[in-house]
Every structure is written in structure tokens, then in C-alpha cells.
Amino acid sequence: MKVRVGEIDLHVQRLSPDAERAPVVVLVHGMLYDSLASYYFTLGPAFAAAGLDVIMYDLRGHGRSSRPTTGYRLEEHIDDLVGLLDALEIDEPVHLVGNSYGGSIAFGLAAAQPERVASVVAIEAEPPVEAWSQRLGDGLARAKPWLITDEAIDLIKQAKGDHEARLSRGAGKLLQTTTIAEDVLLSRTIDPGLADIRCPVLALYGDESVLMEQVDYLKANLIGCRVVVLPEQGHSVLIERTAETSSLVLDWVREQSLVEAE
Amino acid sequence: MSVDVQTTEAGVLEDLTGMLRVLLEEYGLEDAEITMATKFHEDLELESIDLVTLSGLLREHYGDRINFATFIADKELDEIIALTVGELVIFVVEALR
């Protein structure tokens, strides 16, 4: 279904169990290459079968949601998510599962509006601190002119196949036709001491990922944070390690829901 | 069940082709040939998000008996991407039996 939020339409897929008062889990996908399909074909059905109220949506600019030219700062993505929860009349705290950039949105909402968030599961994701904005913004600034060249697409095709090449062409188009790359650098960031994140956090990383430095950073700054590192795994934890991710996150949500109920 | 639901392989292929035409029109690919061997990704250039839309169209047309989520639950994402129209047709035909 499409849900009107502010000036845009968000494409939403909700899998609700028959039982009332099931814990609500919102699955937030990553940037450029991603859409809610990454959850629809992985965690979504399993979570719904386990009795969770599963909400998946396409971020603005992605999948089948509207693609405005501007409005891609982190806080605007956070406003979209809050607007979506309001439109669906969900006012209880929700469990947020965020993959990559989606995890940064989840952390951002947890910091900005803690009353809306029961817990955060960050899959290969960074909290949106200043260093995150710089690193991601620089990466996107480099990718923007490169991904529209035939040379880049050919190289990607040779290294990773047709599918990845097509996704990369799509990513290049999104970068060219919107302010998504520039808006990362303009995004409001959170305190690097992570003092504003007070909800329970589960974070998953692949041990071959460039984000491995997050493990010590989160452990040092988020007391009680649970971090799981999957061996022999890069950034694509959600897609390549779906079964483990699914069981870790399901156990986590069940555990958190029991804590809430006490 | 409404009377216009076809349950034979040829009938399901015809209905599925109609749904795919709707999706493909948005991409200006309405002339693409669609057979049992057609691959969603390789031949029709559909992405996984298009299969999410298709799943909604299937449910609308056939009702809750066609649960695409169950069909894909035990498949890896790359297998889903490599799906053929025929595989989906056979799944629908069997589910309608």
C-alpha cells in the first residue's frame, strides 16, 4: 500500500499476525542499492510467522516510494518514519531493525524521540555521528560522477555480474537526479559519546566488513549493548547470512518484549 | 473465488502475463515476450522490488491461497532473482488445486 507522509507517498508492506497487540517491528533498508524487497524476501515473512507485526517501507527515493529531488538529510528520513508510524496509528514504542544506512536512521530516531523506540537492531550500521556523515558523504561524492560512466558499469559487471551492474546504474541515477549525496553531509548528527541512545541495542557485523571498528566503539559508548560478529562475512550480512540474522533478531525481540511486559 | 480465475497452466500463464504487462509498461517494455522460460530478472529486467508488487497483484487476483511469501521463504535472494515465469506458474497451479 501507499501511505501519504507530508508531501510524498511511501510504499509500505505490512505483514500483521491475527493476534492483537503483537510487538511491532519496523524494518528499515539501506541506501542507493536497496529497497524493502531486501526484507520482504528475507526476514519479513519469518518474523510475521513468528507472530510479530512487521512493517517494511521503501525510503524516499527508493523502491516504489516517491523520489523528490531534495529532502534526503537523515532527519528528513527520520521524519518520514515518524510520519509513517503516525499514519498507521502506531504510538507504542517499536523495535527498529536497520540495515546499513537504515541502521543510522534507527539510531537517529532512538536519539531524537526515545519514546517511539523499544529497541534498535543495527545490521552493519553506524550511529549517525559527525565521522559517519563525513565518511559516507565523501564516499557518495566520489561515487556520484563515477557510477554514471560506462567504464564503472562494465567493471562492476565483470566483477559482480549483471544484476549488480544494473543496481549500480540505478544507484548512479538516484545520485544524479537528487541531492541524496550532498544531504548526507548536511545531516544533523548525534553526540559521538552516544549519550542520547538509551534503548537496548543489538548490533551485527561481518568480521570482514569495513565497519568492524564500530564493534569497540559501540561497546565503549553504549553500556549493555549486545554486539555479534559473524565470521568470514563482509557487509552483506542481511542477504548472505539471513538464517542467522533472522534467529538472532527474533530471539532479541522476544527477549525485549518479555522485559517490557514485566 | 471469482469465476474468471483460470486454474490450468496455460490459463495461469495468460493471467500472469497480464500482470507482468502492467509492471513492464511502466518501464516501456510492454512488447517483451513472456513464456514459461522467461526469467524475471535477466529477460524482463525486473528487480526484486517488482516481485514485491507482483506478489500483491497475485494476492489480489487469486486471494490468500496464493502466498508468495511462503513460496519464496526457503529461497535465497539470488534464487529469487533467477526465477522463471514457469516456476511461478507451476506454484500457482499447484496452490489452486
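Which feature does UniProt place at residues 23-168 of chain A? The unreviewed entry lists "domain: AB hydrolase-1" there; such annotations may be inferred rather than shown by experiment. The model is predicted: local features need pLDDT of at least 70, side-chain atom pairs count only at pLDDT 80 or more, and totals for chains, interfaces and linings use all residues. Residues are numbered from 1 along each chain as its sequence is written, chains are lettered from A, and side-chain values use heavy atoms, without hydrogens and water.

**Chain A.** The span 23-168 is 49% helix and 16% strand, where helices (H or I, at least four residues) and strands (E, at least two) are DSSP runs. Its end C-alpha atoms lie 35 Å apart.

Eight strands form an open sheet with mixed pairing, in the order β1-β2-β4-β3-β5-β6-β7-β8. Strands pair if DSSP finds at least two bridges between them. β1 (2-5) and β8 (226-230) of chain A each have a single partner strand, so one side of each lacks a neighbour in the sheet. β7 (residues 201-206) of chain A pairs with β8(A) in the parallel sense over five bridges. One bridge joins A:Leu202 to A:Arg226 in β8(A).

Contact means heavy atoms within 4.5 Å, and angles run from 0 to 180 degrees between N-to-C directions.

| Helix of chain A | Strands touched | Angle |
|---|---|---|
| α3 (residues 74-87) | β1, β2, β3, β4, β5 | about 115° with β1(A) |
| α4 (residues 101-112) | β3, β5, β6, β7 | about 145° with β5(A) |

**Chain B.** Helices α1 (residues 9-25) and α2 (residues 48-62) of chain B pack at about 130°, their axes 10 Å apart. B:Leu16 and B:Met19 are among the α1(B) residues in this contact.
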